Amino acid sequence: MTAQSRDERLQPIGLWQRLLLRPELGSIAGLIVVFTFFALMAGSSGFLTWAGTRNYLEVAAQLGILASAVALLMIAGEFDLSVSSMIGVAAISMALLAHPDYGNLPLGLAILLTLGLALSVGYLNGYLVLRTGLPSFIVTLAMMFILAGANIGFTKLITKLTIVSGLNEKIAQDPIAHLFTGTLLGLPAAVWWWLGVMGVLSFVLLRTPFGNWIFGAGGDANAARNVGVPVHRVKITLFMLTAAAATLLATIQVMGLGSANVLQGQGKELEAIAAAVIGGCLLTGGYGSVIGAGIGALILAIVQQGIIYTNIDLDWFKVMVGGMILGAVILNNHLRKLSMQVRR
Amino acid sequence: MTPLIELRKVSKYFGPVVSLKDIDMKVYAGEVHCLLGDNGAGKSTLIKTLSGVHQPSEGQIYMEGQPVVFKSPRDALARGIATVYQDLAMLPLMSISRNFFLGREPQRKVGPFSIYDAAFAARVAREEMKKIGIDIRDPDQPVGTLSGGERQSVAIARAVYFGAKVLILDEPTSALGVKESAMVLKYIVQAKLRGLGVIFITHNVHHAWAVGDTFTVLNRGKSYGTFGKNQVTREQLLQMMAGGEELEALAVELDLIARKDPSTAAAEHQAAEELHKPN
């Protein structure tokens, strides 16, 4: 190699080329578009106020907690559709365990026991997927029905109802509940949990060996195994993490409402996947970003809350969500192709 | 001199299927040992046995004279046997440096945490690629932007960097064009000159002949034996790969059919005519 050709090769890489390598790029563009749209449409009716901002941030936070974990699982090449039912199970479980008429355990213990239950469900999901070799889509779809059905059956057996309420007094007395319901610097706890979970998981993904294994397990499980990545361990850990995220979300909801509902969390599995996909995650695994999933959650929340401030009928929310998903995936696909073009 | 790795009477069965039968093979440091054979000859099973994916049903593997059992690919890797598979074990969407260090990530202590040392990974990946003559501009670029030959080179550079003693290359040139193949063959020789034992699996005799020191030919799960470059010719290797005697037998058979043909044809013609005769 001559000195001259080396110099020529070492030319700085353009900012645009660097940006193209970021999976979040498409979602940032989407965020700007959506925010501008609602700022123009509803800026005068309260969307831009602090209260409006708080509104969509709280919605984004709840979805974002779930989407951060779901994004990691998707990057590792797996799905978890049972995460929605897991929210309901976790909510009912901790409500029953803590309820004065039933378990009457301290709140903290009820939450910990529920977390233990969730982690075992996550482990079972992972074990079944890896053991049977079936697509996780099918296995967790089955688990979604099993958990939802068992939750209703079990709750009715014990309480004759599908709602466990009457926790308000206990929550008011327990300082632990404050961790999930309080506010800090004017922002609700959920938002801080979201930022924390997103920060930690993004750090794990990008700055730890385990994160590299997540990309490897999803990119090509066989290839990753051949170079020594413990693919099974990675995937099972992430199934458990997803169940843990569902438990955190359930805790925030139960502490906030003072009650639990068997239907809690329904539909969240697809919203979380939508957020992850808008944020640049590939359905086939091996590519994506936790921050992107967070931005995806923020976009969905802005659409959901922003529409209230406009005079558009709320029924159109889902149409906009669908449009967002389609647009984001097409854009992300195009950007990824650009980034994969040989640079010479 | 003790061989780096030696197989003695290694057999591998999958249920009733005999994939390998009584294979003997020795690979020395600083040689390119070519493993030749047609499709289904047992090459893949043999390298999977060497790299810890399969365990032999019978026989024993020795490393530097000591009997060894590889429990997993990770185990074999830890003992210095690196395998570059045909599918490359490269993740196209992942950056070059992350691919380079996948499974053996460099770590840096920050307070109580061990974190992935991205700067070190990027620097080493670039340096190691430069050593084998590929100047990558940006170690963060996805592997998918590299050509097939360059990807093979990344895989080889990775194995060498991680101190492999034995480098197993599974059909590294089969999907490549002429120039790219030449590039990969060059790295094979470089790895050999660094004192590695290279096992080069191919069904291209010309590529094998260009870089090989010794040749082992497999056919239907059995070995025809190992030959030095001075003991055999390219044509003989080709003959053995195709199952030499079988080819001769086939030639005889083809000849017989050709000779029998005129009479058979006449008989068939007559039979056909009789069928069409009006009653």
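Me: Which residue in E10(B) does Leu35(B) stand opposite?

Reply: Leu35(B) faces Ile201(B) in E10(B). A quick word before we go on: this is a predicted model, where local features need pLDDT of at least 70 and side-chain atom pairs count only at pLDDT 80 or more, while totals for chains, interfaces and linings use all residues. Residues are numbered from 1 along each chain as its sequence is written, with chains lettered from A and ligands numbered from 1 in the order in which they are written. Strands (E, at least two residues) and helices (H or I, at least four) are DSSP runs, numbered from the N terminus. Two strands pair if DSSP finds at least two bridges between them. Here E3(B) and E10(B) run parallel and are joined by five bridges.

Me: Which strand pairs with E3(B) over four bridges?

Reply: That is E11(B), again in the parallel sense. Look for His33(B), whose bridge partner in E11(B) is Thr214(B).

Me: Which way do the side chains of E3(B) point?

Reply: In a regular strand, side chains alternate between the two faces of the sheet. In E3(B), Val32(B), Cys34(B) and Leu36(B) point one way, while His33(B) and Leu35(B) point the other way. A residue is buried if 20 or more other C-beta atoms, placed from the backbone, lie within 10 Å of its own, exposed if 12 or fewer, and partly exposed in between. Five of the five residues of E3(B) are buried, so this strand is largely enclosed by the rest of the structure. Over chain B, which has 279 residues, 43% count as buried.

Me: In what order do the six strands of the open sheet in chain B come?

Reply: Follow them as E6-E9-E10-E3-E11-E12, with mixed pairing. Its edges are strand E6 (81–84) and strand E12 (222–228) of chain B, each pairing on one side only. Neighbouring strands are turned by 15° against each other on average, direction ignored. Inside the sheet, strand E9 (residues 166–170) and strand E10 (residues 197–202) of chain B are parallel partners over five bridges.

Me: Which strands does helix H5 of chain B lie across?

Reply: Helix H5 (residues 148–161) of chain B lies across E6 and E9 of that chain, at about 175° to E6(B). Helix H8 (residues 234–241) of chain B packs on the sheet too, touching strand E3 (32–36), strand E11 (214–219) and E12, with a direction at about 25° to that of E11(B). Axes are lines fitted to C-alpha atoms, for helices over the stretch in contact, and angles run from 0 to 180 degrees between N-to-C directions. Residues are in contact if their C-beta atoms, placed from the backbone, lie within 7 Å.

Me: What is the order of the four strands in the antiparallel sheet of chain B?

Reply: This open sheet reads E2-E1-E4-E5. Strand E2 (17–27) and strand E5 (66–68) of chain B are its edges, each pairing on one side only. The twist averages 30° from one strand to the next. Helix H1 (residues 43–50) of chain B packs on this sheet, touching strand E1 (5–14) and E2, and makes about 60° with the direction of E2(B).

Me: At what angle do H11(A) and H13(A) cross?

Reply: Two packed helices are described by the angle between their axes and the distance between the axes. The axes of H11(A) and helix H13 (residues 231–257) of chain A come within 9 Å and cross at roughly 100°. That makes H11(A) roughly perpendicular (65 to 115 degrees) to H13(A). Trp213(A), Ile214(A) and Ala217(A) of H11(A) make the contact with Val231(A), Val234(A) and Lys235(A) of H13(A).

Me: How many residues of chain A are in contact with chain B?

Reply: There are 29 residues of chain A in contact with 27 residues of chain B. On the chain A side, helix H1 (3–9), helix H11 (209–219), helix H12 (221–226) and helix H16 (317–340) each supply at least two residues. H11(A) gives the most, with six residues.

Me: Where in chain A is confidence lowest?

Reply: pLDDT is the predictor's confidence in each residue, from 0 to 100. In chain A, the lowest mean is 42, in H1(A), and the highest is 93, in H13(A). Residues 1–11 of chain A stay under 50, and the model has six contacts beyond four places in sequence for them. Where pLDDT is low, the predicted coordinates should not be read in detail. Chain A has a mean pLDDT of 85, and 94% of its residues reach 70 or more.

Note on methods. Two residues are in contact if their C-beta atoms, placed from the backbone, lie within 7 Å. Angles under 35 degrees count as roughly parallel, over 145 as roughly antiparallel, 65 to 115 as roughly perpendicular and the rest as oblique.
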